[in-house]
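Subject: Structure for you to look at

Hello,

Here is the structure for you to look through. My notes on what was found in it follow below.

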Amino acid sequence: QVQLVESGGGLVQAGGSLRLSCAASGSIFRINVMGWYRQAPGQQRELVAHITSGGTTNYADSVKGRFTISRDVAKNTVYLQMNSLKPEDTAVYYCNANLDRTPWNSQLNYWGQGTQVTVSS
């Protein structure tokens with residue numbers, strides 16, 4: 001089995017910073033992509049940022065220049081540094097991993113349980 005465990009959410013004032021972490025554990029052969037999505041009340045889940053095994057990153061336009069995604073390959077962990085937070089960043093943030101459990105059991109998607117980020121104005 002594979003688990004994604006998130007940490008680092010909380011309440012912060014506008015302009016502040018938070019750092020989210022997500023550690024993947026279990027039977028993992030290779031992690032292809034790890035990323036963060038978020039879902040605000042009444043909204044669809046949306047991509048925030050992701051990072052590939054080669055280190056290529058992609059960001060939603062709304063967070064470019066404020067958020068930075070990084071990855072510790074040895075620890076199967078992904079981080080999201082969030083700076084200059086705005087009230088509209090308030091949402092539940094979910095970690096996602098696309099990974100191979102074996103070379104022939106591949107491209108599997110897993111989700112974390114979600115962590116609440118609340119930005120007050």
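In these notes, contact means heavy atoms within 4.5 Å. This is a predicted model, in which local features need pLDDT of at least 70 and side-chain atom pairs count only at pLDDT 80 or more, while totals for chains, interfaces and linings use all residues. Residues are numbered from 1 along each chain as its sequence is written, and side-chain values use heavy atoms, with hydrogens and water left out.

Overall picture

The protein has zero helices and 11 strands. Helices (H or I, at least four residues) and strands (E, at least two) are DSSP runs, numbered from the N terminus. Read from that end, the elements run β-β-β-β-β-β-β-β-β-β-β.

The C-alpha trace spans about 50 × 25 × 25 Å along its principal axes. The radius of gyration is taken over C-alpha atoms, and the globule rule is 2.2 Å times the number of residues to the power 0.38. The protein has a value of 14 Å, which agrees with a compact globule of 121 residues because such a globule would have a radius near 14 Å.

Of the 121 residues, 40% count as buried. Buried means under 20% relative accessible area, exposed means over 50%, and partly exposed is in between (1.4 Å probe, protein chains only). Among contacts with a separation of 6 or more, 56% come from residues 24 or more positions apart.

The core

A nonpolar core is a set of buried Ala, Val, Leu, Ile, Met, Phe, Trp, Tyr and Cys residues joined through side-chain atoms within 4.5 Å. The largest one here has 30 residues, and those with the most contacts inside it are Trp-36, Leu-80, Met-82 and Tyr-93. The elements that give two or more residues to this core are β1 (2-7), β3 (18-26), β4 (30-39), β5 (46-52), β7 (67-72), β8 (77-82), β9 (91-100) and β11 (115-120). The most comes from β9, with five residues.

What does Tyr-93 touch, leaving aside its neighbours within four places in sequence? Tyr-93 is in contact with Glu-6, Leu-20, Trp-36, Tyr-37, Arg-38, Val-48, Phe-67, Leu-80, Met-82, Gly-114, Thr-115 and Val-117.

How the strands pair

Two strands pair if DSSP finds at least two bridges between them.

β4 has two partners to look at. With β9, β4 pairs in the antiparallel sense over nine bridges, and Gln-39 stands opposite Val-92 in β9. With β5, β4 pairs in the antiparallel sense over six bridges, and the bridge partner of Gly-35 is His-50 in β5. The hairpin of β4 and β5 has six residues between the strands, and Gly-42 in this hairpin takes a positive phi near 75 degrees.

Rings and a charge

The structure holds one aromatic pair. Rings of Phe, Tyr and Trp (its six-membered ring) pair if their centres lie within 6.5 Å; planes under 30 degrees apart count as stacked, over 60 as edge-to-face and the rest as tilted. The pair is Tyr-37 with Trp-111, edge-to-face, at 5.0 Å centre to centre and 65 degrees between the planes. Tyr-37 is in strand β4 and Trp-111 in strand β10 (residues 108-111), so the pair links distant parts of the chain, 74 residues apart. Tyr-37 counts as partly exposed because its relative accessibility is 23%, and Trp-111 also counts as partly exposed, at 39%.

A charge sits over a ring if NZ of Lys or CZ of Arg is within 6 Å of the ring centre and within 35 degrees of the ring normal. Arg-45 has its charged end over the ring of Trp-111, 4.6 Å from the centre. Arg-45 also lies over the face of Tyr-94, at 3.7 Å from the ring centre.

Two loop residues

Ser-84 is in the loop between β8 and β9. Although not a glycine, Ser-84 has a positive phi of about 50 degrees. Its relative accessibility is 39%, so Ser-84 counts as partly exposed.

Gln-107 is in the loop between β9 and β10, and has a positive phi of about 55 degrees although it is not a glycine. Is Gln-107 buried or exposed? Gln-107 counts as exposed because its relative accessibility is 52%. Not counting residues up to four places away in sequence, Gln-107 touches Asn-32, Asn-98, Leu-99 and Asp-100.

Regards
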